[in-house]
Amino acid sequence: MTQTQVDPAARTARRRSPHPGLPLGSPWPASARPGAGGELLVGGVGLAEAADRFGTPLYVLDEEEVRRRARAYRTALPQAQVLYAAKAFLCSAMADWVSEEGLGLDACSAGELRLAAATGFPPQRILLHGNAKSPEELRLARRMRVGRIVIDGLAEIPRLAALAIADTPQQVLVRVLPDIAAGHHSAVRTGVAGQRFGFRIDGGDAAEAVDRVLAQPSLRLTGLHCHLGSQITEVEPYLAALDRLVGLLARIRDRHGAELPELDLGGGHGVRYRPGDRELDLADFAARTTRHLAARCAEHGLSVPRLIVEPGRAIAAPAAVALYRVLSVKHGTDGRTFAAVDGGMSDNPRPALYGSPYAVRLVGRTSEAPPAVIDVVGRHCEAGDVLVRAADLPADLRPGDLLAVPAAGAYQLSMASGYNLVGRPAVAAVSDGRARLLIRRETVGDFQAREVGR
């Protein structure tokens, strides 16, 4: 498709949508509805109204979408333990919502642990993992009495064993590397050989880690853990991982006479970022993984372990919309048009890091202008600061217009930076027609408050 062409599939999807102006196979929250005068409502709240009230850039988080998606996992996998992956996005309200819906929490830092503790999140439903956990993080996890800790390196075994006591052993999982490539970008394929995560099954690294854990009376090995990657839309990689993991469970049983009761398949479940994108079918994933796990265990004469899954993006991403004001519109000599907005790679680094594609929509006014191909770019002096390439937007787009980007709830604010001292955006929750501020906008005063001398 050339720079001046508009994707015909996107236009067709809009025409066939059950809600005028919203595409079929939509990346928008389920509550999204067109309103009068070009408005778009999420959770019953107009996005233009929210932008006027709280300023831009702004992240609007649909509480019911979070809860609905959390409940969907509980329904699809009633016998499994579902842990929300905090790294996708975490704040006190998010911790409350997933806890109230019966999910656990997958944390990977002291900051995430402390925030969870401050909200009163049940510690027995918290799992701590990470490939470089500090001694302080392990001590904090033990003080909090978190339910499980994932072992990701041999040095963690004696370090954690020294913090625990045989009377109350710490439950642990061993993270293994199943050597399966899955995920939308090489930078997020964490289950393939050559990565620093976990222990390789081939070559005996995983078996050695299991041996060392079982030799520690203050540690209780409950299962195996793996994480294949991110934005996975097919079930097959998870089935292949189960083949490797169940085989290792059988060898552990044969070597040590112990059947481990848990198997953690991690997360990485893909979502739609644009109309018509593929996403992981949760019902299909649940049915096929549970059936495959039971069949493989039967082949090896094993009891079926309890499945653990760690969705983060699949719960958070579709629940939020990012709002930006257009600051300028420039027409290049090569026919390209650029709309610069008041945010960019400082609040959403994914396009710059992974080339991630997004949809974008004008909200707050109607336009009869024909569509034009416009690059929505950020405010930072970086050629890679492009939020949406070749967007289909009205040709009369102008400064002051409001643009909305869906599927903005995961790995945007959680990876935001202080580049140019712009400050991270505010977050507002919407529900039942009401909006409330969850996180205020970061200010220059916040940056100055961290300075201790000159």
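This short talk describes some strands, helices and aromatic pairs in one predicted model.

Two remarks on the source come before the details. Residues are numbered from 1 along each chain as its sequence is written, and side-chain values use heavy atoms, with hydrogens and water left out. Because the model is predicted, local features need pLDDT of at least 70 and side-chain atom pairs count only at pLDDT 80 or more, while totals for chains, interfaces and linings use all residues.

Let me begin with a sheet. Helices (H or I, at least four residues) and strands (E, at least two) are DSSP runs, numbered from the N terminus. Two strands pair if DSSP finds at least two bridges between them. Two bridges connect β1 with β2, residues 40-42. Within β2, L40 is the bridge partner of P34.

I turn now to strand β6, residues 104-107. Which residues of β6 are buried on each side? The term buried means under 20% relative accessible area, against over 50% for exposed and partly exposed in between, with a 1.4 Å probe and protein chains only. On one side G104 and D106 are buried, and on the other L105 and A107. In a regular strand, side chains alternate between the two faces of the sheet.

What are the partners of β6? Strand β5 (residues 81-85) runs parallel to β6 and is joined to it by three bridges, with A85 opposite D106. Strand β7 (residues 126-128) also pairs with β6 in the parallel sense over three bridges, and here D106 stands opposite L127.

β5, helix α4 (residues 92-100) and β6 form a right-handed β-α-β unit. Right-handed means that, with the strands pointing away from the viewer, the path from the first strand over the helix to the second runs clockwise. β6, helix α5 (residues 110-119) and β7 make a right-handed unit as well.

Finally, the aromatic rings. Rings of Phe, Tyr and Trp (its six-membered ring) pair if their centres lie within 6.5 Å; planes under 30 degrees apart count as stacked, over 60 as edge-to-face and the rest as tilted. The count is two aromatic pairs. Y238 and F285 are edge-to-face, 5.1 Å centre to centre with 80 degrees between the planes. Y238 belongs to helix α9 (residues 236-256) and F285 to helix α10 (residues 282-300), 47 residues apart. Both Y238 and F285 are buried. Y273 and Y358 are also edge-to-face, at 5.2 Å and 80 degrees.
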